[in-house]
Structure formats: structure tokens, C-alpha cells
Amino acid sequence: MAHFGKLALSVTAAAVLALSAQARDQIKIAGSSTVYPFSSYVAEEFGATTGSKTPVVESLGTGGGFKVFCAGDGLDTTDIANASRPIKKSEFDNCVANGVTDITGVMIGYDGIAVAQSKANAAINFKIEHIFLALAEEVPVDGKLIKNPYKTWNQVDASLPNRPIVVYGPPTTSGTRDAFEELVMEVGSKKFDAYGDAKGKYKKIRQDGAYIPAGENDNLIVQKLVQDKNALGIFGYSFLEENPDKVSGANINGIAPTAKTIGDGSYPVSRSLYFYVKNSHRAGVKGLDQFVDLFISDKMIGGNGVLKNIGLIPMQPDLLKKVQDTVKAKTKLTAEMVDKHTVLP
């Protein structure tokens, strides 16, 4: 009996050692390149003010972030996924299949997708359908769909400049790409009956070199626009805000991308930004609760929060309060919420 007691004690000790070995003292975050500068700022502030290690933040794109986030629930996986769109049903299902079932989704504010160019150029004014016709794989000509023939912007519309269609934009793993396809390509296709059943759904982007996927580092796109005055770039508004001496944003449907127009929804290419946190990691990862609380604080994302200074567009106070209450309650993301593209119950 004494022998059994010693054995039980040793097994318990081994279990405790295993758990302590799994526990982590540094937060792991990965995902959206658009959310990256905001998350990185909070991470630096967290490291500087709490005495904890500064969290590791990686820019993998929204799709890449969800891929590693949903790979498993062990403490060897990421704690937070940054996202510039809501989680897709397929991604949520992958999470559930891999045991990642206790997640809280957190809206942090708004961002617009800018269609930008070198500051050296004259202002440019697009309609949604102009951008669609320039970038769609197939376009209507005489009522029929043909492979996109447009080489210059003035071929799309005579009001546009005689410049080659060269657009640096996000890759398919990016939430910005997903949002651009939904808010520009699908909306643009609504204007043309030639798409038939695909009208309002068509989003295929041409692959003949006019659209150039430029990776998950939006600062590289800014550099491309400085180097190539003819080119346009697609990225989050925060990068426009950070580089006013280098690039300017085009008007879309007569509206310029500004904090005001994005916040009130009048700029047509606006979207919400998020992060998703594993509640199951809160006990095993030092400081995770504190980090989440800091991120959703009025100090960071309130109407006068510091993230506003680097391009985040704050939400209204009543909505922020709902978000904060949801996070504090550790509200579990459900399939129904995913279907509705929301993080609020």
C-alpha cells in the first residue's frame, strides 16, 4: 500500500512537471498584416508596462493566421489570430475538428482598403466598376464575357489617365484580399448583366501580370509605389495614414479614404478588424488575460485611444462597451455567430 502511495505521488509529480513544462511565459500572435501594426503596438506597450515578455507578433495574413491558430489547442500553438475579416465557416470547422472549440472573437475597430498611388501623381477618381473592369479575369464586351483586354486605365474609361494597369495587392492568404474581392469585385460585377448567375458574385482577378500579389508586408507595396509612379497599390488605410509624404489614396465613388468616411461607412471599401483568442490558453500562458484587457481598453481602441494615431478607426462607445463586455465574459464563438459574420452574440 505504501508502495502504491509512492507510485501515485510520483505520477502526480510527473503530471505537474509536464504541465509546468507546457506552460508558457510569452504570448504568440499571428495573422493579418493590416492588424499587425496595431497588435505590435499593444505588444510593445504590454512588454514595457507589465514586466512580462513582449508578445511575439507575426504577419502571416488572415488566412495564414487562422491556419496556425486552428492547427490545435496545445500550448505549442498560437494564442491569438489577428484578422481583417470575420473567420470563415471552413476555418471555424477546421478549428473545431482540431479541438479548438473555446474561442472569443474580438472586434477592435474599422479600417478602409485604400487604392493608393505615388504622391507625385495627380489625384485620381475611380468608380467601383472602373477598378472591377481593370482587374477582372473576364469582362463584358458587346454583351459577352471575354478575357480582359484592357492594358491602360483610359481603355477602361476615357476619364481615367493613360497609364498602364499595374496594381500591387495582397495575396490570396490575405484578409485584405478577401475583403477587396467582396467589397470591390463582387459589388462591381453587379453592374453587368453579362455575368448571369454570377452577377454580384464574380470575383476572379486576372493573372496576366496586371495584378501583382505583393506578399503580406504592406510596407513593400508602399515602396513599390514610390519606385513606380504608374503603379497602384491596395492595402489597409493605416499604411496610407503612416506614409502621407509618399502615397495618396484615390477617391472611390467620389469619396476619399479618411478616418471620418471610414468610420461613418460612406467610404465604400470599409471593413471591421478583429482578433480571436483561445480561452483555453488563458490559464497556461502568462499575461494572456492582461494582454487582451489592454488591447480592448479605452486607452488603446477608445474614441481617443492611442491606436487611432496609427490609423485604427474607433467604433462608437456603445459598440465598444458591448465588445468589452463580450470579452470579459469570455463569450464563446458559435457556429451561428460565424454564419452571421459577427463576433457579438
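Which residue is the bridge partner of E138 in β7? In this predicted model, that partner is K147. The two residues belong to a pair of strands, β6 (residues 138-141) and β7 (residues 144-147), that run antiparallel to each other and are joined over four bridges. Two residues sit between the strands of this hairpin, and one feature there is worth a look: D142 adopts a positive phi, near 55°.

Next comes helix α5, which spans residues 128-135. How much of α5 is buried? The helix is mostly covered, with eight of its eight residues counted as buried. The list takes in I128, I131, F132, L133, A134 and L135, and it also includes E129 and H130. With a cut-off of under 20% relative accessible area for "buried", E129 therefore falls on the covered side despite being one of the residue types classed as charged.

The largest pocket is another place to look. It holds about 420 Å³ of space, and 17 residues line it. Those nearest the pocket centre are R85, P86, D178, A179 and E182. As for secondary structure, α7 (175-189) and β13 (270-278) each put at least two residues into the lining. Which element gives the most to that lining? That would be α7, with six residues. Sorted by class, the lining of the largest pocket comes out as eight charged, five nonpolar and four polar residues.

Technical notes
Residues are numbered from 1 along each chain as its sequence is written. This is a predicted model: local features need pLDDT of at least 70, side-chain atom pairs count only at pLDDT 80 or more; totals for chains, interfaces and linings use all residues. Side-chain values use heavy atoms; hydrogens and water are left out. Two strands pair if DSSP finds at least two bridges between them. On a 1 Å grid over the protein atoms alone, a cavity is a set of points where a 1.4 Å probe fits but cannot get out, and a pocket is an open set with protein on both sides within 12 Å along at least five of seven lines; lining residues have an atom within 4 Å of a point. Grid points are joined across faces, edges and corners, and a volume is the space filled by probe spheres set on the points. Buried means under 20% relative accessible area, exposed over 50%, partly exposed in between (1.4 Å probe, protein chains only).
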